[in-house]
Amino acid sequence: MNYEVVHLEEKIMVGVSAATSNSDPQMGKIIGGLWEKLYQGGINAVIKNKVNEYAIGLYSDYTEDGYCVTVGNEVSKAENPELTIKSIPAGKYAKFSVHGHMERAVSDSWGEIWQTDLDRSFTGDFEEYRNADPENCDIDIYIALK
């Protein structure tokens, strides 16, 4: 799977979070529930100071047992103390650009990314959904590198 190495400035995002792991049988339900809260639950509408309308799915706070998933939006200033506020660290990332059915394209891409020999830092990996078309979505997946 092709990717390019990019350097990103720190991003601040606001949204909703939950802890899970790849071995958790409820992982899909947990992550899907966060996206449901973001859109059907009205969270997206109350996030202040959005930089753009791109949705972000962030994987952070990695441990041996799992990680934190946060879904939301990048903001210029965090002014929603009732929501989760996360920092996506500045640094070097492998950027994978994918297109297709929103869920299948992301799932298939992660399956391939896990097989690559990237020198990952595990400081924060994220998906940026550049449009909201579920059948023809443009998604950039960023993997933090050492």
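Residues are numbered from 1 along each chain as its sequence is written, and side-chain values use heavy atoms, with hydrogens and water left out. As the model is predicted, local features need pLDDT of at least 70 and side-chain atom pairs count only at pLDDT 80 or more, while totals for chains, interfaces and linings use all residues.

User: Which are the edge strands of the sheet?
Analyst: Strands here are DSSP runs of E with at least two residues, and helices are runs of H or I with at least four, numbered from the N terminus. Two strands pair if DSSP finds at least two bridges between them. Eight strands form an open, antiparallel sheet in the order β1-β6-β8-β7-β3-β4-β2-β5. Pairing on one side only marks the edge strands, β1 (4–8) and β5 (84–88).

User: Which residue in β4 stands opposite Leu58?
Analyst: β3 and β4 (residues 66–75) pair in the antiparallel sense over eight bridges. Opposite Leu58, the residue in β4 is Thr70.

User: How far apart are the C-alpha atoms of Tyr54 and Asn73?
Analyst: Tyr54 has its place in strand β3. Along the chain, Tyr54 and Asn73 are 19 residues apart, and their C-alpha atoms are separated by 6.5 Å.

User: What is the volume of the largest pocket?
Analyst: On a 1 Å grid over the protein atoms alone, a pocket is an open set of points where a 1.4 Å probe fits, with protein on both sides within 12 Å along at least five of seven lines; lining residues have an atom within 4 Å of a point. Grid points are joined across faces, edges and corners, and a volume is the space filled by probe spheres set on the points. For the largest pocket this volume is about 950 Å³.

User: Which residues that line the largest pocket are the closest to its centre?
Analyst: The lining of the largest pocket has 17 nonpolar, eight polar and six charged residues. In this count Ala, Val, Leu, Ile, Met, Phe, Trp, Tyr, Cys and Pro are nonpolar, Asp, Glu, Lys and Arg are charged, and the others, Gly among them, are polar. Of the 31 lining residues, the closest to the centre are Ile31, Trp35, Val106, Glu127 and Tyr129.

User: Which element gives the most to the lining of the largest pocket?
Analyst: At least two lining residues each come from α1 (27–39), β3 (50–63), α3 (102–113) and β7 (125–129). The element that gives the most, with seven residues, is α1.

User: How many salt bridges does the count come to?
Analyst: A salt bridge is a side-chain nitrogen of Lys or Arg within 4 Å of a carboxyl oxygen of Asp or Glu. Lys95, Glu128, Arg130 and Asp140 are linked in a network of such bridges. The count comes to nine.

User: Are Asp125 and Arg120 buried or exposed?
Analyst: Asp125 forms a salt bridge with Arg120, with the closest N and O atoms 2.5 Å apart. Buried means under 20% relative accessible area, exposed over 50%, and partly exposed in between (1.4 Å probe, protein chains only). Asp125 and Arg120 are both buried.

User: How many residues apart are Asp119 and Lys146?
Analyst: The side chains of Asp119 and Lys146 meet in a salt bridge (3.9 Å, N to O). Asp119 lies in the loop between α3 and β7 and Lys146 in the segment after β8 (137–144), and the two are apart by 27 residues.

User: Why does Lys77 count as exposed?
Analyst: Lys77 meets Glu79 in a salt bridge (3.3 Å, N to O). Glu79 is partly exposed, at 32%. Lys77 counts as exposed because its relative accessibility is 51%.
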